[in-house]
Amino acid sequence: MHRTILAAAAMALAPTGAAWAATPQNQIPSCYAANKMETRPAAPARSFFIVLDETVVLDDNLQRALWEQVRPQLQAGTEFAVIRFSAFSQGKYLEVVASGALEAPVSATERDSVSVPKLKNFDACMKGQADYAQKLARAAIAKVLQASSFDLSRSDIEGSLQALSHIVAEGQGSQRTLLLVSDMLENSSVSSFYQNNGVRRIDPVAEMKKAEAEKMLGNFGGASVYVMGAGVIAAPNGKGKPGIQYRDAKTMAALQDFWNRYFTSSNARLMEFGAPALLSIIP
């Protein structure tokens, strides 16, 4: 079987002091193997990564919007991973929660050489595989969202992304897409983007110099990056509910400017910066 993004995850280099946990290589059973097909499935054409920051709590609307972004991406010929992170110092770590590959269908030419009963079983299996992948991904996302909390005091976003970049770059698909659900507010030993329990107006150039000095840049292999949840912080009612405090346009523009610089320098393209929601469906 072809190497999947989970195999890359197992070999990923995490930052010093970071912990790494991985699940089995592919959690989705193969229809080719189950039906003893003579051909092997083609390598995935697309690699899709859903990365969730556990320091961010999404409201119901954003949770629904997240799944509406993920659901259409889980199609035949796609490998995917649901990954979570927060801060290495808090007993949390960069972790692959679920991963698998949805196999590409048998080509029309190959179908002509396969018996009708076997094709019938194979097609039924492929439909079941697609349904299984949807349930696997949705359950993994729900698990992370349920465990997310604003009470986590640190958020090693740059360090986690640096480690994650190796996994993304090793994706088998020629098209690599990263959906990053995070407030994008670094709060670590490298830097803090907070001020008075709100968002600090950062200097993008100065913050890039810090990231470079601490070797926080990575290599995402030319991936397209979509950010969802930027600037989401705890509501001022003190009850730990998700909310959006006032953030002036210049503050958010500076935040987006920094992350655009970060991803460009890490061999990726920041396609959309949702603050907090994405305005379009990921293609």
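F258 is buried, with a relative accessible area of 0%, where buried means under 20%, exposed over 50% and partly exposed in between (1.4 Å probe, protein chains only). Y262 is buried as well, at 0% relative accessibility. The model is predicted, so local features need pLDDT of at least 70 and side-chain atom pairs count only at pLDDT 80 or more, while totals for chains, interfaces and linings use all residues. Residues are numbered from 1 along each chain as its sequence is written, and side-chain values use heavy atoms, without hydrogens and water.

**Aromatic pairs**
- Phe, Tyr and Trp rings (for Trp the six-membered one) pair if their centres lie within 6.5 Å, with planes under 30 degrees apart called stacked, over 60 edge-to-face and the rest tilted.
- The count comes to 8 aromatic pairs.
- F258 and Y262 make a tilted pair, 6.3 Å centre to centre with 40° between the planes.
- Both sit in helix α8, 4 residues apart, about one turn; helices are DSSP runs (H or I, at least four residues) and strands likewise (E, at least two), numbered from the N terminus.
- W259 and F263 are tilted too, with centres 6.0 Å apart and planes at 35°.
- Ring pairs link F193, F220, F258, W259, Y262 and F263 into a cluster.

**Nonpolar cores**
- A nonpolar core joins buried Ala, Val, Leu, Ile, Met, Phe, Trp, Tyr and Cys residues through side-chain atoms within 4.5 Å.
- The largest has 37 residues, and W259 and F263 have the most contacts inside it.
- Helix α8 gives the most to this core, with 7 residues.
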